Structure formats: structure tokens, C-alpha cells
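Dear colleague,

I am handing over the structure below for your review.

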Amino acid sequence: FGAAVTGYQLTKYVTDETQDSYVKNDNDMPVFRYAEVLLNYAEAKAELGQFTQADIDKSIKLLRDRVGMPNLDVAAANANPDPYEAARYSNKNINGVILEIRRERRIELVIENFRWSDICRWKEGSMLTKQFKGMYFPGTGQFDLDNDGNTDVVIYEGTKPSGPKGPAYLKLGTEINLENGASGGPVIINPNITKEFNENRDYLYPVPIQERTLNPSLSQNPNWNDGL
């Protein structure tokens, strides 16, 4: 929890200790990754209503084969759309295979700076207002997260308990917030921040004031008021 407020630390791009330290990393940073090409192809075909099992086999299947995941079945996905995925979107007319392709993008392209563009392209800005949640805890107590026999996290109420150095001691309600308080639940991130998304404005960035000052002929994007 010292490195990730959710409790889940990212390991993407992380190499071994000889190649990954505070001031050194020899990992390549892709500019355009083949996985994105495959996912772009899959989404475009699906949105056009032209997606077949053959298209899956030359796109998403290649991604899943790397890690031994079963292939996506177009007919099964459309016949039984995942209700959890469907509930995520305000548009309730998305077919099952598009839901699966969007899930695939979310998983494959995590922390690669695609999520904002994806959400805007799908016109699903309301997703950005949902509560951000982290690891689940059943309540207060001591927790061995990696099952090595040692306590990693202590969640407590009242006075900080005495104990060995090493575990993260987190006071409930101040240093960590659980959805149902002492009764447990997922970690709630920034519980006092209200997130908003203006459907009539926020899909477009504002034109910078300095550019509008330099060129008075430039108009501002809808519903952005910069005072000029």
C-alpha cells in the first residue's frame, strides 16, 4: 500500500532487479504495439457488423494464445452477453462480442494511455464518474496477502496496535477506507472526491487561451467558457 493505493501493484514493464531500479530501466517503450493493431482491427470489424469467427482467429486469438487463454467464441458471446460487462455501459444496445472486445482492450492495453480515448470514442464518459475501488478486505485485522506466513497489512480502529516492523499499519477511516467500514468490502479510493463528467462538453478539450489570444479567429469548443 506504500506503492499503490488500491493494494494492487502494477508489474507491467517491470523487469528483474538487475534491469529495473530507481534510476535505471532497460525496457523498451513501444510506440505502436502489434496488440493494438489486432484490437483496432477487431473493434472496427465488430462496429461495422462484419465480425466473424475468422476475424477473431486472426486478432484476439493471437493475444490469448500467448498466455493459454481460451479463444473468444463470437456466437456464444452474442447469445449470452456478460451481464457484468453490459451493466458498465450507459448504452444498453451493445452486442456481446463488442462487450468482449472492449474488455480485451481494457486488459491488454492497461497503463498504455488508451483508456481515455476509448471511453470518449464509445461516448461513455459517465464511466469516469464511478467510484474507484481496490482490494477487498473482510474488515479490520491482520492480513497475509502473499501467503508466505508473514503479516503484510494490519487494518485497525482506535489506537495503533504494537507489533513488528514490516507490515503496513492502516487506520480505518483515515489511512484506508472500506466500502462497508469495519464490516469490510473493497478499498474505496478518494471517498470524499465527487467525480463529474459533462456530457455536453468534456468529450472535447478546450482550445488553449493563448492560442485563441494569438488568433482571434479561433472559436472555442462547445460549452467551454474561457472568458474571451
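Trp 116, Phe 197, Tyr 203 and Tyr 205 come together as one aromatic cluster. Please bear in mind that the model is predicted.

In total, the structure contains 6 aromatic pairs. One of them joins Tyr 89 and Trp 122 in an edge-to-face arrangement, with 6.2 Å from centre to centre and 75 degrees between the planes. Tyr 89 belongs to the loop between helix H5 (83-87) and helix H6 (96-108), while Trp 122 belongs to the loop between helix H7 (115-121) and strand S3 (133-137), so this pair ties together parts that lie 33 residues apart in sequence. Both Tyr 89 and Trp 122 are buried.

Another edge-to-face pair is formed by Phe 197 and Tyr 203, whose centres are 4.9 Å apart and whose planes are at 70 degrees. Phe 197 and Tyr 203 are likewise buried.

Charged side chains also meet aromatic rings. The charged end of Arg 102 is placed over the ring of Tyr 89, at 4.9 Å from the ring centre. Arg 201 lies over the face of Trp 224, 4.3 Å from the centre of that ring.

At the surface, a nonpolar patch is made up of Val 31, Phe 32, Tyr 34, Val 37 and Leu 62, which together have about 550 Å² of accessible area. Phe 32 counts as exposed because its relative accessibility is 56%, and the cut-off for exposed is over 50%.

With kind regards

Definitions and conventions
Residues numbered from 1 in each chain as written. Predicted model: local features only at pLDDT ≥ 70, side-chain atom pairs only at ≥ 80, totals over all residues. Heavy atoms only, no water. Patch = residues over 30% accessible without salt bridge, like charges linked within 9 Å, V, L, I, M, F, W, Y side chains within 5 Å. Areas by Shrake-Rupley, 256 points an atom, 1.4 Å probe, with all protein chains shown as cover. Salt bridge = Lys/Arg side-chain N within 4 Å of Asp/Glu carboxyl O. Buried < 20%, exposed > 50% of the residue type's maximum accessible area, 1.4 Å probe, protein only. Phe/Tyr/Trp six-rings, centres within 6.5 Å; stacked < 30°, edge-to-face > 60°. Helix = DSSP H or I, 4+ residues; strand = E, 2+ residues; numbered from the N terminus. Lys NZ or Arg CZ within 6 Å of the ring centre and 35° of its normal.
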